[in-house]
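Let's take a walk through this structure together. We'll start with one word that helps along the way, then look at a helix and at the cores.

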Amino acid sequence: MNVLKEGSKGGDVKVLQKYLGLTPDGSFGPNTKKAVIQFQTSKGLYGDGIVGNKTWLKLIESDLKNNYITDADLIKVAVENDIELAVIKAIKEVESGGKSIQNGVPTMLFEGHIFWQQLKAHKISPYNHLCGNENILYQKWTKKYYTGSNSGELSRLKKAIKINEAAAYESASYGMFQIMGLNYRVCGYSSAKEFYNALAACEDNHLDAFIKFIKSKGIIPYMKQKNWKKIAYLYNGSAYAKNQYDIKLQKAYNKYK
């Protein structure tokens, strides 16, 4: 990789900015230099803001330790399952925008109508817990109570845990591929809480869960056919059309293709 410093521009700068968790605009400005210096000093390097071989090596080393999913990982899944890479990327974008873990918490969306169902599955009457819990417990799907932030969704999850932990963890979708917690068994876990903790640990677990999920749900044949309606139905349920998941998937696929 090239030596980079303030004023540098181009693809290598974008790579650097991705490693540092910055918006990759390809321009090495003051904010990028500040982030480089902070990274260098945190790794025991001389904080001069110049990215040479030693800094590049530390960046790559840190990236590997974080177990980030790379294009190479997605390509491997695509080849092994005879699926076009653009299809996998489309699902990833539509489900989470590529977000996986935020401040040590898997990207999530709590679903109050699923919580209603899961409480009943655990032989708990939802009606006994309605008062004061209207934003986490309701019979029909609605996005009225979505908070728009991961911290807000985490707060909703914590509120549900006070009613019943197992049902609560089962009632949110998690991670880069937004898989519902109630699917924990097919993803290889003994409980939804264990599933949640695994996704909070590293991105590798997100991809592993995704592979197991699409295999167990029989989605792979439809991914090969680019049957967006069927993919959306099996992935998001019968209400997929309300959010136009099939249309969003096709648009994202066209972009990546």
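A residue is called buried when its relative accessible area is under 20%. Keep in mind that what you're looking at is a predicted model.

Now find Lys89, which sits in helix α5, covering residues 85–96. Is Lys89 buried or exposed? Its relative accessibility is 17%, so Lys89 counts as buried. What does it touch, if you skip the neighbours within four places in sequence? Lys89 is in contact with Asp71, Leu74 and Tyr256. With Asp71 there's a polar contact too, side chain to side chain, at 3.3 Å.

Tyr256 leads us on to the next helix, α13, which runs over residues 245–256. Helices α5 and α13 pack with their axes 8 Å apart, at an angle of about 130°. That angle makes α5 oblique to α13, and their crossing is right-handed. Lys89 is one of the α5 residues that meet α13, and others include Ala86, Val87, Ile91 and Val94. On the α13 side, you'll find Tyr245, Leu249, Ala252 and Tyr256 among them.

Next, the cores. In soluble globular proteins, nonpolar side chains tend to be buried together. Here, the largest nonpolar core has 57 residues, and the members that touch the most others are Phe115, Phe177, Phe210 and Met223. Take Phe210: leaving aside neighbours within four places in sequence, it's in contact with Ile88, Ile91, Phe177, Ile179, Met223 and Tyr235. There's also a second, separate core, made of eleven residues, with Leu4, Val13, Val36 and Phe39 among them.

Technical notes:
Residues are numbered from 1 along each chain as its sequence is written. This is a predicted model: local features need pLDDT of at least 70, side-chain atom pairs count only at pLDDT 80 or more; totals for chains, interfaces and linings use all residues. Side-chain values use heavy atoms; hydrogens and water are left out. A nonpolar core is a set of buried Ala, Val, Leu, Ile, Met, Phe, Trp, Tyr and Cys residues joined through side-chain atoms within 4.5 Å. Buried means under 20% relative accessible area, exposed over 50%, partly exposed in between (1.4 Å probe, protein chains only). Contact means heavy atoms within 4.5 Å. Helices (H or I, at least four residues) and strands (E, at least two) are DSSP runs, numbered from the N terminus. A polar contact is a pair of N or O atoms within 3.5 Å; within protein, one must be able to donate a hydrogen and the other to accept it, and residues adjacent in sequence count only if both atoms are side-chain atoms. Axes are lines fitted to C-alpha atoms, for helices over the stretch in contact, and angles run from 0 to 180 degrees between N-to-C directions. Angles under 35 degrees count as roughly parallel, over 145 as roughly antiparallel, 65 to 115 as roughly perpendicular and the rest as oblique. A crossing is left-handed if the near helix is turned anticlockwise from the far one by less than a right angle, and right-handed if clockwise.
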